[in-house]
Amino acid sequence: MTLHENEIPVDEMLVRSLLTAQRPEWAGLPLSPAGAGTENTMYRLGDDLLVRLPRTADKGASLRKEQEWLPRLAPLLSCPVPEPVHAGTPTDAFPPVWSVYRWIDGDQAGPDTVGDWSAFGADLAAVVGELHGIDLMGATRADGLSWYRGGGLGPCDEWIGRSLDDCRTTVGSELDVDALEQLWREALALPEPSAPHVWLHGDLKPTNLLVREGKLHAVIDFGALSVGFPDAEHSTVWDLPPQARQAYWDTLSLDDVTWARARAWAIAVGVSGISYYWHTYPAFVAECRARLQAILADAGTR
């Protein structure tokens with residue numbers, strides 16, 4: 001499945017050639033596909049390792065961030081996060097950097113894996129609180145840790161407006177796009193955020209939350225790791241059931257303005273995801289639609 005115009009083809013033969021050249025002791029281990037997201041393709045290597053390869057050359061920077069910062073953040077978090085064990089270097093066949101991590105057992109968060117959604121929401125909020133409370137260790141948004149979701153909403157207005165227009169064409173018959181735009185514009189009119197910058201995971205959607213025995217076990221994929229305002233970090237709670245959202249809200253004691261901005265970020269990511277991936281990634285489009293439906297259903301309760 002190709003998602004981007006400049007995507008680099010990856011298959012098992014390529015992965016084995018990279019391992020043979022750079023980590024020959026692993027080259028003979030069993031190798032099997034372990035999923036793919038919008039930015040990376042993954043392979044499980046043996047029982048204990050995971051190979052992660054960017055889909056495009058420009059995505060390699062996200063793996064460099066993980067290699068640099070995860071070893072420093074991991075000891076300060078109470079739940080497991082990916083542990084890089086090899087920083088793969090570019091080759092002629094595969095120009096980006098790539099990475100190998102310790103395998104973390106667990107299932108994606110969902111109705112078949114989570115036992116108690118209220119407890120899950122509270123546990124996720126606790127992890128977010130820990131991450132946001134970690135000292136920046138000198139890091140700033142100027143150190144390759146600047147991402148749009150850690151800034152203000154205003155700079156995104158033009159392209160989110162285009163995405164809203166696209167959604168009127170594609171999903172306007174099933175989603176009230178006008179209502180979504182009104183929520184977006186209401187958040188735009190709020191004062192600019194003034195909270196201190198914090199560490200941000202950047203993409204805490206259910207596919208990046210691993211569950212064991214019904215409970216949150218690990219947080220994975222820190223490719224969007226950044227420094228900035230915390231509002232957008234809370235946006236993915238609309239991917240979770242209402243009881244998880246409420247527990248998350250209560251645990252972090254979020255105020256209404258933060259909640260409104262977080263909801264606007266959830267709208268932004270949802271409509272832009274539908275616009276960009278409409279023809280290429282139907283599963284991700286379905287995730288975005290479900291998020292927007294949840295926002296509309298929830299809008300009258302705040």
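Okay, hi everyone. Keep in mind that we're looking at a predicted model today. Let's start with the cysteines.

How many disulfides does the structure hold? The count is 0. As a reminder, a disulfide is a covalent bond between the sulfur atoms of two cysteines. To be counted, two cysteine sulfurs have to sit within 2.5 Å of each other. Now take cysteine 156: the closest cysteine sulfur belongs to cysteine 167, and that is 15 Å away, so the pair is too far apart for a bond. And what about cysteine 167? For that residue the closest cysteine sulfur is in cysteine 288, at 8.5 Å, and that's too far for a bond as well.

Are these cysteines buried or exposed? Cysteine 156 is buried, with 3% relative accessible area. Cysteine 167 counts as buried too, at 2%.

Side chains of opposite charge can pair when their charged atoms come close. In this model we get 15 salt bridges. I'll walk you through a few.

My opening example joins aspartate 221 and arginine 52, with N to O at 2.5 Å. Where do these two sit in the chain? Aspartate 221 is in the loop between strand 9 (215-219) and strand 10 (226-228), while arginine 52 is in strand 3 (residues 49-54), so this bridge ties together parts that are 169 residues apart in sequence.

Next up is a pair within a helix. Glutamate 158 makes a salt bridge with arginine 162, and their closest N and O atoms are 3.3 Å apart. Both belong to helix 4 (residues 157-170), and because they are 4 residues apart there, about one helical turn separates them. Glutamate 158 is exposed, at 62% relative accessibility, and arginine 162 is partly exposed, at 46%.

Then there's aspartate 178 with arginine 168, a salt bridge with N to O at 3.0 Å. Here aspartate 178 comes from helix 5 (residues 177-188) and arginine 168 from helix 4, so the pair ties together parts 10 residues apart in sequence. Arginine 168 is partly exposed, at 30%.

Which residues join up in a network of salt bridges? Aspartate 178 and arginine 168 are both in it, along with Asp157, Asp165, Glu181 and Arg185.

On the surface, Asp47, Asp48, Asp105 and Asp107 gather in a patch of negative charge. Let me pick out one of them: aspartate 107 is in strand 6 (residues 107-108). Its relative accessible area is 47%, so it counts as partly exposed.

Last stop, a glycine. Glycine 144 is in the loop between helix 3 (117-133) and helix 4. Is it buried or exposed? Glycine 144 is exposed, with 51% relative accessible area, and the cut-off for exposed is over 50%. And how far is glycine 144 from valine 227? In sequence they are 83 residues apart, but in space their C-alpha atoms are 9.2 Å apart.

Definitions and conventions:
Residues numbered from 1 in each chain as written. Predicted model: local features only at pLDDT ≥ 70, side-chain atom pairs only at ≥ 80, totals over all residues. Heavy atoms only, no water. Buried < 20%, exposed > 50% of the residue type's maximum accessible area, 1.4 Å probe, protein only. Patch = residues over 30% accessible without salt bridge, like charges linked within 9 Å, V, L, I, M, F, W, Y side chains within 5 Å. Areas by Shrake-Rupley, 256 points an atom, 1.4 Å probe, with all protein chains shown as cover. Salt bridge = Lys/Arg side-chain N within 4 Å of Asp/Glu carboxyl O. Lys, Arg positive; Asp, Glu negative; His and termini not counted. Charge placed at Lys NZ, Arg CZ, Asp CG, Glu CD.
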